[in-house]
Amino acid sequence: MKNVLASIIFLLLLAQGVSGQEGFERKKAIGVNFIMNDFITAQRIRNGSLARVIRDKQFAKFNDMSPGLALSYISGLQKNIDFAGTFAFSFVNYPFPNQPASSNDALLIESDASAQFKLFPDKYWVSPFVSGGLGASTYKNHFGAFIPVGAGIKVNFFDEASLVFSTQYRIPVTAENANYHFVYSFGVTGVISKRKAPVVIPPLPPMPSDRDSDGIIDDVDQCPDVPGLAKYQGCPVPDTDKDGINDEEDKCPAVPGIAKYNGCPIPDTDLDGINDEEDKCPSVPGVARYQGCPVPDTDGDGVNDEEDKCPSVAGTKENNGCPEIKQEVITRINYAAKNIFFATGSARLLSTSNKALNEVAQIMKDDANLKLDIDGHTDNVGKAEYNHTLSHNRASSVKNYLVSKGIEETRLNATGYGFTKPVASNKTAAGRAKNRRVEMKLSYF
């Protein structure tokens with residue numbers, strides 16, 4: 001008997017300890033139950049079988065049962081397991097085994113500690129369960145122990161109260177002081193633990209908007225529709241010079257350039273205004289028409305070809321890039337010009353002119369860059385048109401002679417001036433003789 005009582009106390013302590021843990025659905029509650037003790041049906045089952053009792057409807061009548069009251073304590077162990085402790089009081093004529101029946105009713109006190117295994121947790125309206133545990137009883141100084149097994153159903157009301165219908169079959173442990181019997185129970189329980197304040201979970205604040213998905217919310221994003229970086233307040237890396245290369249990679253962020261030169265313009269090493277990729281002479285200042293090179297100086301005389309009248313012959317700046325003609329050559333040409341003679345009134349050269357003209361041809365051969373102007377002049381005797389034609393024909397006769405001696409025609413220029421450029425007075429025979437002349441002038445252009 002002491003062991004049974006110790007077991008009941010242990011179950012009570014266990015229920016207190018487990019129910020104090022957090023996270024279980026069932027709150028602590030107490031209940032009042034109306035009970036009926038049925039010894040007759042249990043005895044009929046033991047004398048025959050449960051099937052026979054059911055078949056022959058041998059259940060005890062309501063008047064054959066002993067009523068009583070019970071107090072219960074319930075506490076949740078887990079969502080689907082509760083602890084239930086019950087103390088029951090009833091007046092019965094207890095039929096002890098192998099003893100004659102008593103004629104008088106007496107007080108029967110029974111207590112049990114059970115675990116109720118629920119099909120559904122108490123958040124549902126209806127929760128069926130089965131139970132099992134340990135119990136003890138006292139009747140007229142007889143102490144007994146039993147094992148209660150049973151089933152029932154709970155109807156829950158708003159997590160505050162419940163109706164409980166249950167049946168227990170009590171199996172005696174101490175056969176001499178306890179007997180098999182059913183206990184039918186109907187009662188109501190009410191929560192006694194302090195009601196927990198409902199946990200109010202505040203609504204989550206709305207997620208901040210980030211339209212461009214760059215990780216910087218729109219409220220602080222200076223460019224909310226264009227992905228950017230935090231260091232630029234959500235804007236892309238700037239491109240100050242708008243050359244398509246952002247400032248962090250641009251070596252010349254304020255001047256438009258190209259990627260090949262890290263955002264800088266194509267360089268102009270010689271600062272001539274022509275970039276190095278188009279400049280044929282990138283280290284020497286030049287001009288665009290020569291692809292960035294200086295105006296050439298073919299003959300290397302210090303006078304560029306555009307200003308050099310003799311670009312292929314070295315000369316002097318004072319002579320427009322042409323060589324200076326030696327004075328002795330000029331003298332020879334002037335002497336030869338004074339020894340050129342024509343038939344009177346004709347452009348036919350006299351043979352006495354050959355020596356002088358041969359000298360001129362030789363001078364031209366000695367310097368292939370020389371050019372020669374041949375000017376024909378007359379006196380004022382006769383008409384101007386006639387004299388102009390005569391002077392031109394005489395100059396041409398000299399030119400043709402020199403061509404016949406191998407001088408290129410392109411190097412010779414024959415011009416007639418008639419009597420427009422006299423060198424002496426035409427009023428005297430001596431003056432007119434001086435005006436009838438051929439002049440020759442050498443040059444390089």
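Analyst: What follows sets values computed from the model against the definitions behind them.

This is a predicted model, in which local features need pLDDT of at least 70 and side-chain atom pairs count only at pLDDT 80 or more, while totals for chains, interfaces and linings use all residues. Residues are numbered from 1 along each chain as its sequence is written, and side-chain values use heavy atoms, with hydrogens and water left out.

User: What makes β11 largely enclosed by the rest of the structure?

Analyst: A residue is buried under 20% relative accessible area, exposed over 50% and partly exposed in between, with a 1.4 Å probe and protein chains only. Five of the seven residues of β11 are buried, and therefore the strand is largely enclosed. Seven bridges join β11 to β9 in an antiparallel arrangement, and methionine 440 in β11 is the bridge partner of isoleucine 374.

User: Which residues touch the most other members of the largest nonpolar core, and what does that term require?

Analyst: A nonpolar core is a set of buried Ala, Val, Leu, Ile, Met, Phe, Trp, Tyr and Cys residues joined through side-chain atoms within 4.5 Å. The largest has 31 residues, of which Leu372, Val398, Leu402, Met440 and Leu442 touch the most other members. Helix α5 (354-366) gives the most to this core, with six residues.

User: What is in contact with leucine 402, leaving aside its neighbours within four places in sequence?

Analyst: Contact means heavy atoms within 4.5 Å, and the residues in contact with leucine 402 include Leu357, Val360, Leu372 and Ile407.

User: Which element gives the largest share of the lining of the largest cavity?

Analyst: On a 1 Å grid over the protein atoms alone, a cavity is a set of points where a 1.4 Å probe fits but cannot get out, and lining residues have an atom within 4 Å of a point. The largest cavity has 23 lining residues, with Thr86, Gln116, Ser166, Gln168 and Ser185 the closest to its centre, and the largest share of the lining, five residues, comes from β7.

Key: Helix = DSSP H or I, 4+ residues; strand = E, 2+ residues; numbered from the N terminus. Pairing = 2+ DSSP bridges. 1 Å grid on protein atoms, 1.4 Å probe; cavity = no way out; pocket = protein on both sides within 12 Å on 5 of 7 lines; lining within 4 Å.
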